[in-house]
Amino acid sequence: IPPSSMREFLEIAKLKEANPFLNDFEMVAELVEDHRLLSKASKQIVGICDDHKDQGTSDLIMERMRFHDKSAWMLGSHLKGRK
């Protein structure tokens, strides 16, 4: 049975609500981590798709994974040398 209430979605969510009191660099760092988590989840989904020989869905998810990897890298480059 899929989740159907906000409470159920929040219980299974990997991404959490952002702290509204972060500074700009902390916000970007949190966003980088969120992209990394989404990329990691995408990789797991690709494995499931490949096990089921579902190449179409696998390709779709791989495109999302590339987007999240690139976003994490680009945002992370703004944090280099910052505290």
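**Entry 1: basis.** I worked from a predicted model, in which local features need pLDDT of at least 70, side-chain atom pairs count only at pLDDT 80 or more, and totals for chains, interfaces and linings use all residues. Residues are numbered from 1 along each chain as its sequence is written, and side-chain values use heavy atoms, with hydrogens and water left out.

**Entry 2: helices.** I looked up the secondary structure and found 3 helices and 0 strands in the protein chain. Helices (H or I, at least four residues) and strands (E, at least two) are DSSP runs, numbered from the N terminus. The pattern along the sequence is α-α-α.

**Entry 3: burial.** I then asked which residues of H2 are buried. They are Val32, Asp34, His35, Ser39, Ser42, Val46 and Cys49; buried means under 20% relative accessible area (1.4 Å probe, protein chains only). Helix H3 (55-77) is included in what covers them. Of the 83 residues of the protein chain, 19% count as buried.

**Entry 4: overall form.** I noted a radius of gyration of 16 Å for the protein chain, whereas a compact globule of 83 residues would have one near 12 Å. This radius is taken over C-alpha atoms, and the globule rule is 2.2 Å times the number of residues to the power 0.38. The C-alpha trace spans about 45 × 30 × 15 Å along its principal axes.

Technical notes. Buried < 20%, exposed > 50% of the residue type's maximum accessible area, 1.4 Å probe, protein only. Contact = heavy atoms within 4.5 Å.
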